[in-house]
Amino acid sequence: MPLWGRKAAEEPAAQQTKQEAPKPAEQPKEAEEKKEPEHTEEEFLLAKTVTCPVCDQVFKSYSVKSGRVRRLPPDFDLRPQSKFIDTNKYEVASCPKCGYTSMNRYWTNMTSGQMKLIREQVSTRYKPSGVVNMSNEVHAYSYDEAIKRYKLSLFCSMIKKAHTSEMAYTYLKIAWLYRGMAEEAEALGDEGKAKAAEARENEATYYEKAYDGMVDAVATENFPICGMDETTINILLASMAYKLEKYDVASKLVSTVLVSRVANSAAKDRAMALKEKIVVKLHKDQPQQ
């Protein structure tokens with residue numbers, strides 16, 4: 001057979017073979033991403049045994065299982081953020097016998113004179129429930145419950161004449177809790193609008209007190225303040241000043257961080273980001289020619 005004839009005969013066969021070749025099996029559709037199971041705050045809590053430094057009462061207080069918590073990027077003003085739980089709710093211990101209440105970081109930092117003030121001006125007015133919690137079971141605090149505990153802590157700080165920084169930090173924590181309350185209410189839509197508005201007002205009130213207190217603390221106390229070094233405090237105050245529309249103060253604090261020899265790159269990145277926000281805000285507020 002001539003070559004051209006053989007080629008012509010082979011082409012239909014090749015086409016038939018090509019047509020009859022089995023189609024590749026269809027790839028199964030990817031399974032839908034599994035939804036993360038619902039979590040409750042109780043899953044991240046444990047009941048820790050605490051001894052009151054004022055009356056020696058032993059009781060259980062809730063703390064966060066730090067190893068289980070999934071940390072998220074903090075807010076602009078360093079408010080800690082976590083998934084499924086607001087850890088800020090659980091940083092206060094309150095004695096059920098004498099009423100002494102304090103943030104955990106300051107729980108045992110008391111002089112004998114301060115203990116005397118708590119006994120005379122807090123314990124004598126406190127009405128114990130008669131029930132001391134020694135159970136390992138936990139229940140999540142609502143924002144209302146957590147804020148009430150922080151306000152008791154603030155009252156005790158005033159009575160024992162604590163450092164300005166301790167009271168300022170407590171004001172800040174209360175402001176952050178009101179912010180969390182507002183966010184929770186806003187997620188409900190129209191149903192939570194009124195509660196969210198009230199929470200935002202309270203946040204603003206306590207935030208201003210926190211800022212003023214922190215400014216006084218920087219002027220009168222040594223670092224670290226509230227466990228924060230000078231760079232962190234400057235970033236915190238710059239962020240707070242920005243929120244309070246004190247842009248000149250915020251700019252000066254940001255510049256201090258940017259030229260600092262001890263500030264790390266993460267701190268300087270945060271300061272630069274804040275500087276850009278300040279520039280945008282000032283440019284926006286300038287009257288148009």
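Colleague: What pattern does the protein follow, read along the sequence?

Modeller: In this predicted model, the order of elements along the sequence is α-β-β-β-β-β-β-α-α-α-α-α-α-α. The secondary structure amounts to eight helices and six strands.

Colleague: How many of the 289 residues count as buried, as a percentage?

Modeller: The buried share is 40% of the 289 residues. The protein exposes about 18000 Å², and carbon and sulfur atoms supply 52% of that area.

Colleague: And what share of the contacts with a separation of 6 or more comes from residues 24 or more positions apart?

Modeller: Such pairs account for 65% of those contacts.

Colleague: Turning to the strands, how do E1 and E2 run?

Modeller: Strand E1 (residues 45-51) and strand E2 (residues 58-64) run antiparallel and are joined by seven bridges. Together E1 and E2 form a hairpin, with six residues between them. Within the turn, Asp56 has a positive phi of about 70°.

Colleague: Which residues of E2 stand opposite Ala47 and Lys48?

Modeller: Tyr62 is opposite Ala47, and Ser61 is opposite Lys48.

Colleague: Is E2 enclosed or open?

Modeller: E2 is largely enclosed by the rest of the structure, because six of its seven residues are buried.

Colleague: Which residues touch the most other members in the largest nonpolar core?

Modeller: Tyr169, Leu172 and Met214 do, in a core of 56 residues. The elements that give two or more residues to this core are E1, E2, H3, helix H4 (164-186), helix H5 (193-220), helix H6 (230-243), helix H7 (247-258) and helix H8 (265-285). H4 provides the largest share, with 12 residues.

Colleague: What does Leu172 touch?

Modeller: Not counting residues up to four places away in sequence, Leu172 touches Tyr207, Ala210, Leu236 and Met240.

Colleague: Cys156 brings me to Gly99. What is in contact with Gly99?

Modeller: Leaving aside neighbours within four places in sequence, Gly99 is in contact with Val122, Tyr126 and Cys156. Gly99 is located in the loop between strand E5 (92-94) and strand E6 (101-103). Its relative accessibility is 6%, so Gly99 counts as buried.

Colleague: How many residues separate Gly99 and Cys55 in sequence, and how many Å in space?

Modeller: Gly99 and Cys55 are 44 residues apart in sequence, and their C-alpha atoms are 9.5 Å apart in space.

Colleague: Now the charged residues. How many salt bridges are there?

Modeller: The count comes to 14 salt bridges. One of them joins the side chains of Glu91 and Lys173, at 2.9 Å from N to O. Glu91 lies in the loop between strand E4 (81-82) and E5, whereas Lys173 is in helix H4, so this pair ties together parts that are 82 residues apart in sequence.

Colleague: Is Lys173 buried or exposed?

Modeller: Lys173 is buried, because its relative accessible area of 1% falls under the 20% cut-off. Glu91 is partly exposed, with a relative accessible area of 22%.

Colleague: Which residue forms a salt bridge with Lys195?

Modeller: Asp144 does, with the closest N and O atoms 4.0 Å apart. Lys195 belongs to helix H5 and Asp144 to helix H3, so to speak of the pair is to speak of distant parts of the chain, 51 residues apart. Lys195 counts as partly exposed at 40% relative accessibility, and Asp144 counts as partly exposed at 48%.

Colleague: Which residues are linked in a network of salt bridges?

Modeller: The network links Asp75, Asp77, Arg79, Arg179, Glu183, Glu186, Arg200, Glu203 and Lys243. Arg179 is in helix H4 and counts as buried, at 3% relative accessibility. Leaving aside neighbours within four places in sequence, the contacts of Arg179 include Phe76 and Tyr207.

Colleague: Last topic, the surface. Which residues form a nonpolar patch there?

Modeller: Val58, Val132 and Met134 form it, with about 210 Å² of accessible area together. Val132 is in the loop between helix H2 (112-123) and helix H3 (143-159), and counts as partly exposed at 34% relative accessibility.

Methods. Residues numbered from 1 in each chain as written. Predicted model: local features only at pLDDT ≥ 70, side-chain atom pairs only at ≥ 80, totals over all residues. Heavy atoms only, no water. Patch = residues over 30% accessible without salt bridge, like charges linked within 9 Å, V, L, I, M, F, W, Y side chains within 5 Å. Areas by Shrake-Rupley, 256 points an atom, 1.4 Å probe, with all protein chains shown as cover. Helix = DSSP H or I, 4+ residues; strand = E, 2+ residues; numbered from the N terminus. Buried < 20%, exposed > 50% of the residue type's maximum accessible area, 1.4 Å probe, protein only. Pairing = 2+ DSSP bridges. Core = buried A, V, L, I, M, F, W, Y, C linked by side-chain atoms within 4.5 Å. Contact = heavy atoms within 4.5 Å.
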